[in-house]
Amino acid sequence: MTVERGSIEAALRARIDGGGKCLVPYITGGFEGYLDAIRAAAHAGADAIEIGVPFSDPVMDGPVIQKANELVLATGVTPQSILDDVRDLDVHVPMAVMTYYNIAYRFGLERFAKSLHASGIAGAILPDMPLDEAGPWAEAADASGVETVLLAAPTTTDERLPRICERSRGFVYAVGLLGVTGLRDDLADSATVIAARCKEVTDKPVLVGVGVSTAGQAAQVSQVADGCVVGTAIVRRLLDGGGPEAVGELVAEIRAALDAG
Amino acid sequence: MAMTDPTPEGRFGRFGGRFVPETLIPACEELDKSFRHYWADADFRKELHDLLTDYAGRPSPLTECRRLSEELGYRVLLKREDLNHTGSHKINNVLGQTLLAQRMGKKRLVAETGAGQHGVATATAAALFGMECVVYMGEVDVERQALNVFRMRLLGAEVRTAYSGSRTLKDAVNEAMRDWVATVEDSHYCLGSVMGPHPYPWMVREFHRVIGNEARAQCRALLGADPDVVTACVGGGSNAVGIFSGFADTDAELVGVEPAGGAAVDRGIPGVLHGSESYLMQDEFGQVLEAESISAGLDYPGIGPEHAHLADIGRARYEKVTDDEVIAAFQLLSRTEGIIPALEPAHALAWMSRARDELAGKTVLLNLSGRGDKDAVQMMEILG
């Protein structure tokens, strides 16, 4: 029996409608203790959770997430094994997978969408699938009730931005800077700029990811955005051996900063 | 007809496309637009033609191989891309892209390299145009191509080692794309093969079309006809596409030769890597496999999307050869013609050597895409 977790957009809207800001942590699927880390993140106040499905060539990811990917792939974890793990997980916040197009393509787009749904996974983020190539996947995802989250970047033109926001489901993933995922000392100016540009053209939740590493940066960007995605900072804690407790602590810290406004 | 322009979305049949992060899409669109504009611009074409002539040394000769022909039992012609400045065909594409990048106001070139030939060519063009240049190279290749690393540094480029994954060409591309994602506003990604997101596979083919155009005219002057077979090695496939493009509308048979350890077409599984949909070496879960061969320049698990299309429609066929066959071919050309080939085109010669019965009585044109200086140390260790 699949655990009922609802849609990502509904969960984020509930938070926004209550006057709050959204927090979506990213956790590398298949990493040692990752199921407990997902539980800890949900318990600490995550509104939705992104589960990374490791790919051999993650061009949108920096060294930390690459390293976690490599460690997981070396243990023989597969996309299917991650979906199987998550299906029965006693976590009631919605989840999305974040992976690369070839994983879904090799699985079979339709079969991948159906498998996500069957595992109670509400959404998918494929960072190397721009709007222009989204057609076949989005059709399969829509048919299975899977929300396809699209990315908007600082370089996205005014002409493209409304079309991306229109086609995105769950939320709009606003890329905070020019670059790949990773820890940054300061929030880039581009983070609030892209958030504001998205907010101008859509009513969907707008979350900023890439380059949001700390509670302070999360609160800062959420002055403009509806919330944020935090990935590398969390995976860094897993790589450092902090386990689910360290993930829970960081999520709680960011949650508190967002709630304090 | 084969080898026409791709669709506006960059599709060659069902292959190609533009699978890159949104951050890079506007840059790809701008590049597409600029390339279309300048490729139709007489001043741009003249400037590129002059560079290819006065700087790179084109046209490259067509050499008839008397002793090799005797040895193999059929007539062999070589298109001598090994005689270009920097020692391979790579300079054609690099001069085209660098001139284009300059027109687009870019100040910095980013490139990946396997054997180092594309890296050296890019570093050369950057020096010529006074541009900043960063070349990514896998750790394994940095070790086996130390001479080219030195050449790139001498030319003023920064060589950055890629330590991830298989630490070869595939990973150098990953790092170059990550760099480009962060620097797209002032940097041009000078991609070295007919791969990547649209418009690269098409644009790089057009910059290498000069190989096929020259060879076709040279063959007609020499033979009064087209050759029966045109062959070239294939990693991503830029030199092959360059020479094939001159003969796509003739009766010549087109044969691409891949290393056995990096034969993407042979396995016939479509996938998406580095921006385009094509044949790709991968496991059952979609994880990309590591290509392994004696030649750093062909150690790539994919193949350009147009090659996948040519294979699909039957206009070209793709063979594979082993490292041992390549080593024998490397020596064969050296001894019979006094030409030391790069290990990459030695793959095509290895197939020619194996297929001598099939090729008896025919005229075969081989694109000798590069010279073997860079491989001398490696081969000295192997041959003793």
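In helix 3 of chain A, the buried residues (20 or more other C-beta atoms within 10 Å of their own, C-beta atoms being placed from the backbone) are Val64(A), Ile65(A), Gln66(A), Ala68(A), Asn69(A) and Val72(A). This is a predicted model, in which local features need pLDDT of at least 70, side-chain atom pairs count only at pLDDT 80 or more, and totals for chains, interfaces and linings use all residues. Residues are numbered from 1 along each chain as its sequence is written, and chains are lettered from A in the order in which they are written.

**Helix 3 of chain A**
- The buried residues of this helix pack against strand 1 (22–28), strand 2 (49–52) and helix 11 (232–239) of chain A; helices (H or I, at least four residues) and strands (E, at least two) are DSSP runs numbered from the N terminus.

**Domains of chain B**
- Chain B is divided into domain 1 (11–51 + 90–200) and domain 2 (57–88 + 209–383), with bounds from an automatic or database domain assignment.
- The C-alpha centres of the two domains of chain B lie 22 Å apart.
- In domain 1 of chain B, 35 residues are in contact (C-beta atoms, placed from the backbone, within 7 Å) with 39 residues of domain 2 of chain B.
- Strand 2 of chain B gives the largest share of the domain 1 side, 5 residues.
- That side divides into 15 nonpolar, 15 polar and 5 charged residues; Ala, Val, Leu, Ile, Met, Phe, Trp, Tyr, Cys and Pro count as nonpolar, Asp, Glu, Lys and Arg as charged, and the others, Gly among them, as polar.

**Contact between chains A and B**
- The contact takes 31 residues from chain A and 28 residues from chain B.
- On the chain B side, helix 8 of chain B contributes the largest share, 6 residues.
- The chain B side comprises 13 nonpolar, 9 polar and 6 charged residues.

**Parallel sheet in chain B**
- An open sheet of 4 strands in chain B has the order 7-6-5-8 with parallel pairing, two strands being paired if DSSP finds at least two bridges between them.
- Strand 7 (158–162) and strand 8 (187–189) of chain B each have a single partner strand, so one side of each is left without a neighbour in the sheet.
- Strand 6 (residues 132–138) and strand 7 of chain B pair over 5 bridges, and Gly138(B) has Ala162(B) in strand 7 as its bridge partner.

Notes:
Two residues are in contact if their C-beta atoms, placed from the backbone, lie within 7 Å. A residue is buried if 20 or more other C-beta atoms lie within 10 Å of its own, exposed if 12 or fewer, and partly exposed in between; C-beta atoms are placed from the backbone.
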